[in-house]
Amino acid sequence: MASIQRIRPQGLVSSPAFSHVAIVPPGATTIYVGGQNAVDADGALVGEDDVAVQSARALENARTALAAGGATLGDVVQWTVLFVDGVDLAAAYGAIASELASDEPALVTGARVAALGVPGALVEISAVAAVMR
């Protein structure tokens, strides 16, 4: 069975935190996870004003959504992480880095934004995963 290739080409920065290219072979099931914030099952914000707590909860929510689609964190091909401008990025990434560490890490896109849809949310995480069936 073919597997997903994650590539860090020579000539581009080499980072243990992300890859630059992912090749998903034919036959994979693609799972898309919409933006997850640090909210509990009732929609209440968790970790007010604490980007590390919010990052951990948003990733936990993404993990739950992935599982509903039959995927794990290891199946993620692409993460998109939005941060409200002014948050401590080291604290945000530090809270989730060990969960995302891999010999073949996913692609990561991060952006700073003015605000997010959930009032008080400091981070939002979405994902695209591929599972070989």
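Colleague: Why is Ala114 called exposed?

Modeller: This is a predicted model, and the relative accessibility of Ala114 in it is 75%. Exposed means over 50%, so Ala114 is classed as exposed. The residue belongs to the loop between strand 5 and strand 6. Its C-alpha atom lies 26 Å from that of His20, and the two residues are 94 apart in sequence.

Colleague: What makes Ala106 count as buried?

Modeller: The value for Ala106 is 9% relative accessibility. The limit for buried is under 20%, and therefore Ala106 falls in that class. Ala106 is placed in the loop between helix 2 and strand 5.

Colleague: Which residues are in contact with Ala106, leaving aside its neighbours within four places in sequence?

Modeller: Arg6, Ala17, Phe18, Ser19, Val76, Val77, Gln78 and Trp79 are in contact with Ala106 once those neighbours are left aside. Contact requires heavy atoms within 4.5 Å. For Ala106 and Val131, which are 25 residues apart along the chain, the C-alpha separation is 13 Å.

Colleague: How do you know whether Gln54 is buried or exposed?

Modeller: Gln54 has a relative accessible area of 0%. With buried defined as under 20%, the conclusion is that Gln54 is buried. This residue lies in helix 1. Beyond residues up to four places away in sequence, Gln54 touches a number of others, including Ala38, Leu45, Asp49, Gly120 and Val123.

Colleague: To which class does Asp49 belong, buried or exposed?

Modeller: Asp49 has 66% relative accessibility. As exposed means over 50%, Asp49 counts as exposed. It is found in the loop between strand 3 and helix 1. Its phi is positive, at about 65°, although Asp49 is not a glycine.

Colleague: What makes the strands a sheet, and in what order do they stand?

Modeller: The sheet is an open one of 4 strands, in the order 3-6-4-5, with mixed pairing. Strand 3 (28–36) and strand 5 (107–113) each have a single partner strand, so they stand at the edges and one side of each is left without a neighbour in the sheet. On average, neighbouring strands are turned by 10° against each other, direction ignored.

Colleague: Which residues stand opposite Gln78 in strand 5 and in strand 6?

Modeller: Gln78 faces Leu107 in strand 5 and Val128 in strand 6. Among other pairs, Val81 stands opposite Ile125 in strand 6, and Phe83 has Arg112 as its bridge partner in strand 5. Ile31 has Ala129 of strand 6 as its bridge partner.

Colleague: How many residues line the largest pocket, and of which classes are they?

Modeller: The lining has 19 residues, and Ala17, Trp79, Leu100, Ala101 and Pro105 lie nearest the centre. The space in the pocket is about 340 Å³. Strand 4 and helix 2 are the elements that give two or more residues to the lining, and helix 2 provides the largest share, with 5 residues. By class, the lining comprises 14 nonpolar, 2 polar and 3 charged residues.

Definitions and conventions: Residues are numbered from 1 along each chain as its sequence is written. This is a predicted model: local features need pLDDT of at least 70, side-chain atom pairs count only at pLDDT 80 or more; totals for chains, interfaces and linings use all residues. Side-chain values use heavy atoms; hydrogens and water are left out. Two strands pair if DSSP finds at least two bridges between them. Axes are lines fitted to C-alpha atoms, for helices over the stretch in contact, and angles run from 0 to 180 degrees between N-to-C directions. Buried means under 20% relative accessible area, exposed over 50%, partly exposed in between (1.4 Å probe, protein chains only). On a 1 Å grid over the protein atoms alone, a cavity is a set of points where a 1.4 Å probe fits but cannot get out, and a pocket is an open set with protein on both sides within 12 Å along at least five of seven lines; lining residues have an atom within 4 Å of a point. Grid points are joined across faces, edges and corners, and a volume is the space filled by probe spheres set on the points. Ala, Val, Leu, Ile, Met, Phe, Trp, Tyr, Cys and Pro count as nonpolar, Asp, Glu, Lys and Arg as charged, and the others, Gly among them, as polar.
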